[in-house]
Protein chains: 6
Amino acid sequence: MTDVLTLGETMAAFRMAGPMRLGGPAHLSIAGSESTVAIGLARLGHRVSWLGVTGADEPGELVRRSLRAEGVDIALARVDAQAPTGLILFEPRVGDLTRVVYHRTGSAGSRLTADDVHPAFADGRTPRIVHVTGITCALGDGPYEAVRYAVGHARAAGSLVGLDVNHRTRLWSARQAAEALRPMLPSLDLVIASDDELAVLTDDPDPVAALLAAGVREVVVKHGAGGATSHGEHGTLHRPARRVPVVDTVGAGDAFVAGYLSGVLDGADAAARLDRAVTVGAFAVATRGDWEGLPSRDDLALLDHDPGSAVR
Amino acid sequence: MTDVLTLGETMAAFRMAGPMRLGGPAHLSIAGSESTVAIGLARLGHRVSWLGVTGADEPGELVRRSLRAEGVDIALARVDAQAPTGLILFEPRVGDLTRVVYHRTGSAGSRLTADDVHPAFADGRTPRIVHVTGITCALGDGPYEAVRYAVGHARAAGSLVGLDVNHRTRLWSARQAAEALRPMLPSLDLVIASDDELAVLTDDPDPVAALLAAGVREVVVKHGAGGATSHGEHGTLHRPARRVPVVDTVGAGDAFVAGYLSGVLDGADAAARLDRAVTVGAFAVATRGDWEGLPSRDDLALLDHDPGSAVR
Amino acid sequence: MTDVLTLGETMAAFRMAGPMRLGGPAHLSIAGSESTVAIGLARLGHRVSWLGVTGADEPGELVRRSLRAEGVDIALARVDAQAPTGLILFEPRVGDLTRVVYHRTGSAGSRLTADDVHPAFADGRTPRIVHVTGITCALGDGPYEAVRYAVGHARAAGSLVGLDVNHRTRLWSARQAAEALRPMLPSLDLVIASDDELAVLTDDPDPVAALLAAGVREVVVKHGAGGATSHGEHGTLHRPARRVPVVDTVGAGDAFVAGYLSGVLDGADAAARLDRAVTVGAFAVATRGDWEGLPSRDDLALLDHDPGSAVR
Amino acid sequence: MTDVLTLGETMAAFRMAGPMRLGGPAHLSIAGSESTVAIGLARLGHRVSWLGVTGADEPGELVRRSLRAEGVDIALARVDAQAPTGLILFEPRVGDLTRVVYHRTGSAGSRLTADDVHPAFADGRTPRIVHVTGITCALGDGPYEAVRYAVGHARAAGSLVGLDVNHRTRLWSARQAAEALRPMLPSLDLVIASDDELAVLTDDPDPVAALLAAGVREVVVKHGAGGATSHGEHGTLHRPARRVPVVDTVGAGDAFVAGYLSGVLDGADAAARLDRAVTVGAFAVATRGDWEGLPSRDDLALLDHDPGSAVR
Amino acid sequence: MTDVLTLGETMAAFRMAGPMRLGGPAHLSIAGSESTVAIGLARLGHRVSWLGVTGADEPGELVRRSLRAEGVDIALARVDAQAPTGLILFEPRVGDLTRVVYHRTGSAGSRLTADDVHPAFADGRTPRIVHVTGITCALGDGPYEAVRYAVGHARAAGSLVGLDVNHRTRLWSARQAAEALRPMLPSLDLVIASDDELAVLTDDPDPVAALLAAGVREVVVKHGAGGATSHGEHGTLHRPARRVPVVDTVGAGDAFVAGYLSGVLDGADAAARLDRAVTVGAFAVATRGDWEGLPSRDDLALLDHDPGSAVR
Amino acid sequence: MTDVLTLGETMAAFRMAGPMRLGGPAHLSIAGSESTVAIGLARLGHRVSWLGVTGADEPGELVRRSLRAEGVDIALARVDAQAPTGLILFEPRVGDLTRVVYHRTGSAGSRLTADDVHPAFADGRTPRIVHVTGITCALGDGPYEAVRYAVGHARAAGSLVGLDVNHRTRLWSARQAAEALRPMLPSLDLVIASDDELAVLTDDPDPVAALLAAGVREVVVKHGAGGATSHGEHGTLHRPARRVPVVDTVGAGDAFVAGYLSGVLDGADAAARLDRAVTVGAFAVATRGDWEGLPSRDDLALLDHDPGSAVR
Ligand SMILES: Nc1ncnc2c1ncn2[C@@H]1O[C@H](COP(=O)(O)OP(=O)(O)O)[C@@H](O)[C@H]1O
Ligand SMILES: Nc1ncnc2c1ncn2[C@@H]1O[C@H](COP(=O)(O)OP(=O)(O)O)[C@@H](O)[C@H]1O
Ligand SMILES: Nc1ncnc2c1ncn2[C@@H]1O[C@H](COP(=O)(O)OP(=O)(O)O)[C@@H](O)[C@H]1O
Ligand SMILES: Nc1ncnc2c1ncn2[C@@H]1O[C@H](COP(=O)(O)OP(=O)(O)O)[C@@H](O)[C@H]1O
Ligand SMILES: Nc1ncnc2c1ncn2[C@@H]1O[C@H](COP(=O)(O)OP(=O)(O)O)[C@@H](O)[C@H]1O
Ligand SMILES: Nc1ncnc2c1ncn2[C@@H]1O[C@H](COP(=O)(O)OP(=O)(O)O)[C@@H](O)[C@H]1O
């Protein structure tokens, strides 16, 4: 049985060492919001299934290989020989600001459809949690339908349904996102968003209240280095970020989600869920790569050591 | 005044250090058959103009920067903000066999049109040589029309017109290539092709004779490590390849073309043209990268040193 | 159902870029004869199960992660918190000669016992092939008993049983190897050995004949760059090595075995089995790393391309 | 028409990854105060001409190639076959303190003479700005005369003349610098200096006032992380430094100058000039290399993003 | 004559660039608390002798080579062909927290015995200082006896005897350490410890007072980024840490000790000793590697430069 | 007592990974013909003393550190604060042809004088062998006098005196070399030269006979991949080169000399001396770097292994 099902596009990712216009050394890995969440959960010992489409090419093989390595179940993933695996290029531009070039138009990942999702709920299978993001919804009609199908069936099957807004301005406008995401609100148990993303989901001046009123059971708001706040029947709970040296902030939000869902699966209360979330988020921030440094369950305690110490 | 005008697509090129499915280190540079020819010519001291389209992105900036660095004139090149610069991924697969992944569908480079070529012949400008390849013709209607325009106007203006067949099976079939390239034969002075590419240009069992009969003045056939042969009014001349350690064969054909055209510009006879061509081809083979190791005019003599020696 | 079961020790492997006494850059990966065979088979599309013990440490996590990535089933592998994962250090010493330092004494991998093998045959499970090597037998009593148990039960269950002699002089003497391996001969269907390893299995002046007489159905002898020979009811068949540039010969023998067993699983005849074996062996030789460059089924055809060409 | 003319020595620069006495990895690029200013201006879209001498060697080719790549006009630069291109070795010594080894004595760059500058003002050419530094003055009589010639003719032609004191204690003493630079004061419109460099230009206890009294129209004082102050007819204006993570401070002053002169060329007022200067200076500080990370005009806005964010 | 004698185990050290479970780039160097102290002292111009055992293997050759390079006298060191040189693997886990894997059980270094120490005191040789650490005591009976022998003879010969507690929880418990170290207290002149290590030496609620009462002449307590305090007949002196960017804190304590002992050898007073200690400690913290960045005598003044400046 | 004394200049050496004009990665080490010989001898277990001058800079510290590491005695070497340590830049240009840029004019190394050599023969010290090269003689009057002094005193003291012609056309002409070297012939016991260097020493059409007639006891001629020949009272002996993969030929001649002198010190006959010489030369050719891969005494046997095998 799967603890968590998530779906989306995972791309081959080149990370430049310096400015792209100078050429030079780069490093190839994978990137995708949902698969980062999946890896984070798998490292914490949960059973996760990632559903998406890759091309029949070596970049696709890299995606599949990396997810298998991390113990993420890709039995539901599909290989599509008609389109290439998408690419993303990361360039460290200035300070810790990263610039991104996408080569994902027409990618295999954007060919995800609701049909791909059917088997995930076939034969009475019910993941405990279904996690979706706004990114998948922005990839095209097929992926959007896939998300709708997953959310609908998950709700019907009694899975907890979570959405991370994850607004990408290069993929769609806030208005397009609003049109696509708002109709799903009634089916959502959990909404995770950055401060500035709440407006995508509601025009209400008090967005959190509006979302809770709309039936969402818990709204978790990320504030970057300012930590995070959870709103729900437990009231409002805030946790500051863990103090760590900032190495690479890309992926922090996904790591946070992995930590949060891990808390949910462990049956932790809201405070403990937030604690886990900010801890996993801190690992993402204090290590290089989107997912490479995410913690195993044993690693969680490492942040309690003195900074600058050696575990020996 | 420009010695040589060439036109085509130049991409940002990631060269993996190992198998792509394992991820890991890569190196970013640029690749494009026509720009390799242009760089080869510029290093040998000729004035070359490269005409093509790049995206308004950092990969495009890399292309422009690299060509400027090499002294290639890009005044005629255009930046198109509607499409990304194409990408090419090189993977050293086994021995010296390289595998390629393209991300060039819908690229800025494929948005080249005949309009882009107008200025090259405006105000009575006449490049001494116009060099085109089958690759550009395969990129779409626009690029094909651009090549046709260039070939037509060059012919009219009295420029020498050369075509490198450069058949790419991932871009189009031999039949499609035949349909596109054969109509240009009457306008060509020089044809350069690998042994197996001649059949693209004619169905005649003696393709060289057929091409010469069709009005081509010189047909140069490349045989890889077997050297090359020139056919023309001077009869048939063969040159063996220079004996060098094989480091990276990608780009050998383009280097060969640069050497050949350099000989033409210098007014060398067929034998000397072939000599220069196989020498520059050998530099490509015995150095890493498509164009990075191409020789300056002084460097040409280096291959006359004892192998394994140091110039000091 | 598993196609192939294999068992042994896989270590974390540091590969120096230069002489070890100068320190400097190294690269961490994994190494183990049996897991290289397993990866080779998995890349060719077979279902393989690797059985072994790793430590509860990050080097062990690297081993498990790498095997999972390659699609090797490690459900039967055990984590032993009482001992560290073994290490192997590779140093490119001179030309293509590699020097090895082991840190495997008392390693988790050497704590393998027959008990670890029980589940592989429980509940009527029968792998089609069981592959063992002399290395595992050299690691101590426990691993030796594990091999004996696997060979015995495989024979009883009707699996094909193969042994690669793989003599390691740093682990034991030829005499010790002889004492350990000869008693297993009656249970072996297939023996793979280098020319100089046959004497480990028999004192007979015609070792191949003696092995066949002893009931082994097929004896395959590897001759390095000289190719390989198969002896059996089909008579004697020789295949030369494929001509490839030599990049890194470590792991050639294991790649050869993977190719051979793949042929067996495909029901190929002896000639086709040898062909596949020398082809996979050539991939090992012409790529860097023990297993990193092994071919997928599609890749097998790559060696038929012209050397120095690009697949594009 | 050239917007800015600058002149000086640009060297090939090796940047060690670690302590020099341990040997090991290094990276080759170019370094030179005036060419960094030139690159900074070119990236911001201005037409800049760099005038200097390089050797007829590959390090010189690197200098020329890099400047051409960046769009800096080097038509006025000279190649001198009698002397080698100078070298500079950078060693990251402790924290962000860099140690420098020069190999520039007798270099081609130090063979610059006033004759080299003649063509810059021939035929009525008048750069809008002429930028010089104390470093060029310290390189020998020839370079000093070249600076004097440039400053004199620029003044006569009505160009704005700027001097960056840029005192290098390894090249000359403060007293020698004073003797060389003070006579030029009457021809200077703009003086840029660090706090501790003002004393090179005047012995007056209130150096800024003294310089303004001496006819300098604007005195800009850099305070490192403390920002910068501009003094002139607009009074005294201070700008704090932009808050960025410090990656590599070498080149900050030159970047600052590029930003400042860019403001001048854009006709910006003193406040806007300082803003541009501290912004470009911050790019230098928050990216690796002297000039590699300098901003294009579009990039200027990047520092307004939240730190740690990704532009996607 | 030797200024300082120290004894212990030095290992070959692999330092991963990223998470160990992902494999990838690493760097080989050496590590050992006592040899770091020795190198620190040698760089400051003192004559130091390091006594320990290495294997007859290339990792051992690396240890010997590195110490010779640094001018540490290894005439007393022994090569033991019966055991391998120990290994240590460093993994940068999260932020500046380092995780360590040891492969030192049964290592050559742990085969040190009192017999190895005899020659250090033979023929009336008397080092001015003998420096020992708790780590050597934890390696087994032989190393412990070696330390006892050295401490005993040093005391008798009038050398100053110093102990750095250096408690390693992976090697032994605090209780085991207490049992081993406390009996040596009467022979110690100088004790150096972190705040939390004092309890290893005494159960007294005021450990410093207790140690001084027990005859130790000086107790120096390190507080990491909080600096250090010296207690002795000069009373109590505190020095804050030098403010430097934190790059790699491993080895700070050993660098501190080197600085302190250097002060002792120079005859400096307690304040100057502490100054030198925190300065050398700051070099360790602000450079990569345990010992690679330690200062020469000239370098000591570098920390007085402005941060971010270049010495040129 | 010293077995071998040698004198010359050793430089800090940057080795580019690719073409110098592209900038990019390089590696810093040391290079110098005589110190390569010294390192080769030290690795083979002989006591060698290197005499030369380095600057008071970090490149000089690198030279001293590297020689100490290798066990070469540098007690006679001098540090000269008036001049920088020389630099040499290696660029792999095409195939295995290396191009060199020198920055050694006015270097510390060229400030060697006869005075520096006095202590080497003071107090009756007599090295068994004194080894000099033509390179040192080409560096200026001081170094030439130093060589003359060493050769003269060595002869007087009964040391064996060897000269490696080592003609460097970038340093002086063949005629200048002849004038400098020929006067030393009467003092030489051993001359080592490449085929084309013999003409530097004599105009005789049979140079070997002429040299032997002039009193040289043994003339050893290197033929690169063709091996080497020894002429002397033992007649004429030829040895082919060992067959190894060619990795980097720079330094082969010096390695050869080290092997030869090692044979002399071991009292080997001419055949065994040549055998050792071609073996050590082969190590240089089949490993990267001038001296990094030279063999220890145990390593000598490695070339007897099968190519492509692993020692484990
Ligand atoms: N600088 C930081 N230091 C520590 N934790 C951080 C930091 N930045 C982000 N985090 C953690 O990661 C979480 C998500 O980060 P945030 O930047 O809000 O998400 P996103 O990556 O989606 O923009 C935060 O709530 C916080 O817990
Ligand atoms: N192995 C080689 N050794 C030396 N020169 C070569 C080698 N391979 C190619 N060349 C030179 O480069 C030229 C073009 O190479 P070829 O492989 O025919 O072109 P392409 O790269 O277009 O396939 C050859 O004619 C020859 O002169
Ligand atoms: N230089 C080579 N070129 C091509 N194939 C090789 C080469 N060396 C080995 N092989 C292939 O790999 C197989 C196993 O290699 P071998 O060296 O005999 O095994 P091992 O690695 O066990 O010593 C050989 O039979 C051959 O097919
Ligand atoms: N740490 C820093 N943070 C942000 N900006 C800086 C920093 N250091 C320097 N700068 C900017 O660069 C400008 C020049 O730096 P400064 O160090 O004064 O010049 P120089 O490199 O010539 O010594 C400063 O005025 C400031 O605007
Ligand atoms: N962050 C830091 N900044 C500056 N100096 C430091 C820092 N951390 C340690 N040091 C210096 O190194 C000394 C030893 O460091 P500490 O961490 O106490 O030792 P250890 O490495 O043995 O744990 C400190 O007393 C201090 O002088
Ligand atoms: N390609 C090679 N293969 C094997 N050994 C070589 C090779 N090249 C040189 N050597 C060995 O090194 C010796 C010196 O090489 P050579 O090239 O003659 O010297 P130098 O480096 O001074 O020019 C040769 O005599 C031979 O023994």
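Trainee: How many bridges join S2(E) to strand S7 of chain E?
Mentor: Four, and the two strands run parallel. Strands pair if DSSP finds at least two bridges between them. Strands here are DSSP runs of E, at least two residues long, and helices are runs of H or I, at least four, numbered from the N terminus. In this pairing, E:Ala12 stands opposite E:Leu87. Keep in mind that this is a predicted model: local features need pLDDT of at least 70, side-chain atom pairs count only at pLDDT 80 or more, and totals for chains, interfaces and linings use all residues. Residues are numbered from 1 along each chain as its sequence is written, chains are lettered from A and ligands numbered from 1 in the order written, and side-chain values use heavy atoms, without hydrogens and water.
Trainee: And S3(E), parallel or antiparallel to S2(E)?
Mentor: Antiparallel, with six bridges. There, E:Met11 faces E:Ala31.
Trainee: Why is S2(E) largely enclosed?
Mentor: Because five of its six residues are buried. Buried means under 20% relative accessible area, with a 1.4 Å probe and protein chains only.
Trainee: New topic. Which helices supply residues to the shell around ligand 1?
Mentor: Helix H9 (252-265) and helix H10 (270-285) of chain A, at least two residues each.
Trainee: What is 2.9 Å from a polar backbone atom of A:Gly253?
Mentor: An oxygen atom of ligand 1. A backbone N or O atom of A:Gly224 also lies 2.9 Å from a ligand 1 oxygen. For A:Gly227, the distance is 3.0 Å.

Terms used. A polar contact is a pair of N or O atoms within 3.5 Å; within protein, one must be able to donate a hydrogen and the other to accept it, and residues adjacent in sequence count only if both atoms are side-chain atoms. Buried means under 20% relative accessible area, exposed over 50%, partly exposed in between (1.4 Å probe, protein chains only).
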